Amino acid sequence: MFLLIKQTQDGERKQLTQLRDVLKASLQSEQKEDVQAKQSAGYSLHQLQGNKAHGTECSGFLYKKSEGLRKVWQKRKCSVKNGFLTISHGTANRPPAKLNLLTCQVKRNPDEKKSFDLFSHDRTYHFQAEDEAECQVWVSVLQNSKEEALNKAFKGDQDEGENNIVQELTRAIVGEVKRMSGNDGCCDCGAQGPTWLSTNLGVLICIECSGIHREMGVHYSRIQSLDLDVLGTSELLLAKNVGNANFNEIMEADLSAQDVTKPDPTSDMQMRKDYITAKYTEKRFARRLCADAASRLRALYEAVRTRDILALMQIYAEGVDLREAITQPNEHVR
Ligand SMILES: [Zn+2]
């Protein structure tokens, strides 16, 4: 509804985005330090690079040197997929060994042709391929698969981290909005603990009154739940900057002079509807400061220039359609 307020919002949204980026950057550097610490503890930072042409998957037979005293080469079916190396057992009914490549390191032994070593956290595997070319394929695929898994893990963490930050920020803002002056009661009937937000007016209302707001249409009031809807930080900007007390100071300024009784939590729907319609569509109880159209225009220009949301709210209360384009007042045109 408020195109003009949107302009002022953009500045604040930019600030929020910058804040988020700072938080994100610090989170990422923490993650990096963490990974580097882990790597330097057990692994070299300089790992073998796989030949990308060999892809991230393969399967076939490798010879694995047995554990124990009698070292023999055992032919085993092996496969690499999704960051795991699976090694079948000699006995068919035993489950295969599955090694997470993220915690393994692959190394070639320069003195031994067609063979490579795989270091896991608790054991070293010696493998031998049929020939040198095949050995290079296996080593490359193991590296590529590990790299793929690492990238996936990082990407997942990053998305999750960013989400957490946004959710945390949203929760914090919602908490602050609920504590703002006047927000402990419905903006229209005073019912305790309102949980519905008019995102374009920045006020909290109760569930009964929210039904009437919806009936008026989004042109007047755009209703979302503080608890059930996923609110973006931009949808909370007005709520954070207006609030029931400020809003009613403008929109209900003339109540007592007009001898109008505001609804209370026990009021019936008809009384609420009459009141809410008069308050929002006619702006019947609003404070009026501007004498004529020219002074409204000047005030509007000034409110936008100074990014004063409450001043904009006052102009809205005076019946200016904030969706219309602003023309500069004459004295500002050179
Ligand atoms: Zn209410």
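**Metal site and cores**

Modeller: This is a predicted model. In it, the zinc ion has Cys-186 (SG), Cys-189 (SG), Cys-206 (SG) and Cys-209 (SG) as its protein donors, lying 2.3 Å from it.

Biologist: What geometry does the site of the zinc ion have?

Modeller: Tetrahedral, with angles of 104 to 116° among the 4 donor atoms. Along the chain, the donors follow the spacing C-x2-C-x16-C-x2-C.

Biologist: Are Cys-186 and Cys-189 buried or exposed?

Modeller: Cys-186 and Cys-189 are both buried. Cys-209 is buried too, with a relative accessible area of 0%.

Biologist: How many disulfides does a search of the whole structure find?

Modeller: The search comes back with 0.

Biologist: Switching topic: which residues have the most contacts inside the largest nonpolar core?

Modeller: Phe-247 and Tyr-280, in a core of 36 residues. Elements giving two or more residues to this core include α3 (207-216), α5 (243-251) and α6 (269-282). α8 gives the most, with 6 residues.

Biologist: And what does Tyr-280 touch, leaving out residues up to four places away in sequence?

Modeller: Among others, Cys-187, His-213, Phe-247 and Tyr-316.

Biologist: What about a second core?

Modeller: There's a separate one of 20 residues, including Val-80, Leu-101, Leu-118 and Cys-135.

Definitions and conventions: Residues are numbered from 1 along each chain as its sequence is written. This is a predicted model: local features need pLDDT of at least 70, side-chain atom pairs count only at pLDDT 80 or more; totals for chains, interfaces and linings use all residues. Side-chain values use heavy atoms; hydrogens and water are left out. A disulfide is a pair of cysteine sulfur atoms within 2.5 Å. Buried means under 20% relative accessible area, exposed over 50%, partly exposed in between (1.4 Å probe, protein chains only). A nonpolar core is a set of buried Ala, Val, Leu, Ile, Met, Phe, Trp, Tyr and Cys residues joined through side-chain atoms within 4.5 Å. Helices (H or I, at least four residues) and strands (E, at least two) are DSSP runs, numbered from the N terminus. Contact means heavy atoms within 4.5 Å. Donors are N, O and S atoms within 2.8 Å of the metal (3.2 Å for Na, K and Ca); water is not among the atoms, so sites may look incomplete. Four donors count as tetrahedral if all angles lie between 85 and 135 degrees; four count as square planar and six as octahedral if opposite donors are over 155 degrees apart and all others between 65 and 115; anything else is irregular.
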